[in-house]
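Thanks for coming. I have one structure to go through today, and I will keep to a few local features.

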Amino acid sequence: MAAPYELIYYTGVPGRGEHIRLVLEEAGALYTDTSSLPIDKCREAVTAYLNENYHGENGNPPYYAPPLFKHGDLIISQTSNILMYLAPKLSLAGSTENDVWRVNALALTALDGLSNEVHDCHHPIAVELYWEDQKEESHRRSKEWVKHRLPKHLGYWEKVLKSEACGQGPWLLGSTFTYADLVLFQCLDGVQFAFPKAIKHARESGKYDRVFQLWEAVKARPNVAAYLASDRRQKYDWGIYRYYPENDVLPE
């Protein structure tokens, strides 16, 4: 049986495509992934959709950047957009009609605060510059983020998990596991790689116990655990989440 879903993303790091992989893996869905190709073949497959001579196909416009996702004749981009399209088909978008919007809001919040902001810690001036060219600014940004932003984000997620309106956990929508839980897991996992001292400090503070319990619970789900233990799970390195010893600071 041919895989109905195709993820088009670079190889070498988990990146933004990892959120989509986790959804597919959790659901046990059949899919192909260009990141499984040799690096030159993967780059060729991805850039075929990005080069100046590609103008779209079958009503699909050319897109700015991966991840891209193909399902039949449909090609879409943007991580959150792909997740909102895919998750309802895999029963990971909540149990009511309105949950799809609630889950999307939660996923967007995690991606904004614990993915985009973390990326900006190592590239605070310009993405075109090397880290070494903005090292001082990166260190300053990281210190401020660890001191002010990380506790604010973790505090928000703790509040969600304690919320009576959402059933007081163990998942973000109470007893219903959704792709927002997977997104939050991946974001926390990446922050752990980038800022291990700060995450250790936060965990030991006891202020965010439900957040870290969710992280461990997602990691222990059978399909997720099998995926994380496989060679399909790529290692962090040069992508969104990067480790620089100079930026691995404790809140002052």
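Let me start with E25, which touches Y31, N223, Y227 and R232, leaving aside residues up to four places away in sequence. Before I go on, note that this is a predicted model. E25 sits in helix α1, residues 17-27. Is E25 buried or exposed? Its relative accessible area is 11%, and since buried means under 20%, E25 counts as buried. One of the residues on that list also pairs with E25 through side chains: the E25 side chain makes a polar contact with the side chain of R232, at 3.0 Å.

Next, a pair of helices. Helix α6, residues 179-194, and helix α8, residues 209-220, have axes that come within 9 Å and cross at roughly 105 degrees. Angles of 65 to 115 degrees count as roughly perpendicular, so α6 is roughly perpendicular to α8. Which residues make the contact? From α6 there are D181, L182, L184, F185, L188, D189 and Q192, and from α8 there are V211, L214, W215, V218 and K219. By type, the residues of this contact divide into eight nonpolar, one polar and three charged.

Last, W215, in helix α8. W215 has a relative accessibility of 2% and therefore counts as buried. Setting aside residues up to four places away in sequence, W215 touches F185, L188, D189, Q192, I199 and R203. Take L188 from that set: L188 and W215 are 27 residues apart in sequence, while their C-alpha atoms are 7.3 Å apart in space.

That is what I have; I can go back to any of these on the screen.

Notes
Residues numbered from 1 in each chain as written. Predicted model: local features only at pLDDT ≥ 70, side-chain atom pairs only at ≥ 80, totals over all residues. Heavy atoms only, no water. Axes fitted to C-alpha atoms, helices over the stretch in contact; angles between N-to-C directions. Helix = DSSP H or I, 4+ residues; strand = E, 2+ residues; numbered from the N terminus. Parallel < 35°, antiparallel > 145°, perpendicular 65-115°, else oblique. Contact = heavy atoms within 4.5 Å. Nonpolar A, V, L, I, M, F, W, Y, C, P; charged D, E, K, R; others polar. Buried < 20%, exposed > 50% of the residue type's maximum accessible area, 1.4 Å probe, protein only. Polar contact = N/O pair within 3.5 Å; in protein donor to acceptor, adjacent residues only side chain to side chain.
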